[in-house]
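Work through the exercises below with the sequence and the coordinates open, and try each task before reading its solution.

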Amino acid sequence: MTVALYSLTAVQVLGLLKNNTLTVEDYTLSLLDHIKERNNTVKAWVYLDPTAVLNQARALDQVPQDERGPLHGLAIGVKDTMHTKDMPTQFGSPIYQGHQSGFDSSAVAILRAAGALIFGKTTTTEFTVTNSGPNTTNPHDPNRTPGGSSCGSAAAVADMQVPLSLGAQTGGSIIRPASFTGVFAMKPTHNAISTEGQKTFAPTFDTFGFFARSIGDLQLLADVFALRDDEPPQEAPLEQVSVALIKTPMWGSAGPGTITAVNEAAKVLANCGARVEEVAFPPEVADVENLKRIQKIITIGEAEATFLREYRINKTDLAPEIRDIVENASNYTKKERVQASDTHANMRQIINSLAEKYSVILTPSAIDEAPLGLGDMGSPAFNTLWTGFHMPVINIPAFHGSHGMPIGLSLVAPRYRDQHLLKISQTIGEALTRNACKERI
């Protein structure tokens, strides 16, 4: 049976392009045909110009073999918070409708230089702040949300409209949508990849990341973005892997699907030879209400400055939630911001030190399956803490809930151990999706 070109992973496509079995133009036509068939349902794109994409593809086909970049011809969707020189960048906001900056963000420029095909702009909530807005649907069930704020990027990869896409996470805007839509995703170490040229929310938390349909595809992007550990990661069979199962102080929010997925994953990994140990957060970080309050003080305080420009220019077109942030409706003081920042920095060191005692942390990616409806994109309860702790996270889409919707789990490593996390995620991901291991439980 012939496999549809649009369904191939990035690694598979790259192999065909490298040996000239496939042209970028033919690959692009397959993607565009699939998008045309599915776009009215999924609605992942806020901007897509098929003629411009085909022109890019034909130009890439003319590049001599020895001058082609490491991502030659791979189609990548770009979250519409990142500037693109040849496409509008509108941030999900009516204030910037039709806005075209004329330059690429750092990430987009790096991808173009690597030969990537910048396919189009994917939907986002308004400035990534609001928890609804786009009418993008979950490819597994159009009556459910794909999650946000990187809704279009997650949906496009899940629906095989592109093999790779870009996102940004302040709370859970990469990992949660990946869990809801059943794809792999990586939120690297904070500031390991430049966020220059993309709209900020809270710089202490904002992190660039990406979506894919395999760990190998995530690896392609990690390498192009020069993610490096101090020491090269070593191959480790599961028998040599120590897993810290951390339910986090947010565990009371976990739904039945996530509870089942976490427990099953722990059994699978133990059955496959890994040492799995349930570990609690130390007392300094274990108070759930205090942790949530500290996170909110920092993010809201930084966002107050971030959105002042839009507030001063056109506050009537800003979402009420964003106006409230700029007006400091929460009444946080500068003293509270200083205390929260200092306390959180200490928490970050405590949790990073805890992570260094294990090969990897296993923890929830989302409260449960994607909720019904498009008016609520879900909670980032299980994501924001790792974002603020600046630790790399990979979503593994290995489970399903009671309604048949995907449920992912997060693997977390210490800061700047991104390549280690990729390597161990490959091993653990295979174990969690390998039926033989599950059947021996």
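Helices (H or I, at least four residues) and strands (E, at least two) are DSSP runs, numbered from the N terminus. The model is a predicted one, in which local features need pLDDT of at least 70 and side-chain atom pairs count only at pLDDT 80 or more, while totals for chains, interfaces and linings use all residues. Residues are numbered from 1 along each chain as its sequence is written, and side-chain values use heavy atoms, with hydrogens and water left out.

**Exercise 1. The largest pocket**

Task: Determine which helix gives the largest share of the lining of the largest pocket, and describe that lining by class.

Solution. Start with the term: on a 1 Å grid over the protein atoms alone, a pocket is an open set of points with protein on both sides within 12 Å along at least five of seven lines, a cavity is a set of points where a 1.4 Å probe fits but cannot get out, and lining residues have an atom within 4 Å of a point. Grid points are joined across faces, edges and corners, and a volume is the space filled by probe spheres set on the points.

Next, the largest pocket holds about 810 Å³ and has 31 lining residues, with Phe201, Thr299, Ile300, Pro380 and Thr384 lying nearest its centre. Helix H9 (288–306) and helix H11 (320–326) each supply at least two residues of this lining, and the largest share, five residues, comes from H9.

For the classes, Ala, Val, Leu, Ile, Met, Phe, Trp, Tyr, Cys and Pro count as nonpolar, Asp, Glu, Lys and Arg as charged, and the others, Gly among them, as polar. The lining of the largest pocket then divides into nine nonpolar, 17 polar and five charged residues.

**Exercise 2. The buried face of H1**

Task: Identify the buried residues of helix H1 (residues 10–18), and explain why they line one face of the helix.

Solution. Buried means under 20% relative accessible area, exposed over 50%, and partly exposed in between (1.4 Å probe, protein chains only). By this cut-off Ala10, Val13, Leu14 and Leu17 are buried in H1. Seen down the axis of H1, these buried residues fall within an arc of 100°, so they line one face of the helix; the arc is that of the directions from the helix axis to the C-beta atoms. An α-helix has 3.6 residues a turn, so residues three or four places apart point the same way.

The last step is to find the partners, with contact taken as heavy atoms within 4.5 Å: the buried residues of H1 pack against helix H2 (24–42), strand E4 (164–169) and helix H7 (215–224).

**Exercise 3. Backbone exceptions**

Task: Locate the cis peptide bond that joins Gly148 and Ser149, and decide whether Lys43 and Phe127 are buried or partly exposed.

Solution. Most residues other than glycine have a negative phi, and most peptide bonds are trans. The cis bond between Gly148 and Ser149 has an omega of about 10°, and Ser149 sits in the loop between strand E3 (117–122) and helix H5 (151–158). Phe127, in the loop between E3 and H5, has a positive phi of about 55° although it is not a glycine; with a relative accessible area of 1%, Phe127 is buried. Lys43 lies in the loop between H2 and strand E1 (45–47) and has a positive phi near 60°, but Lys43 is partly exposed, at a relative accessible area of 29%.
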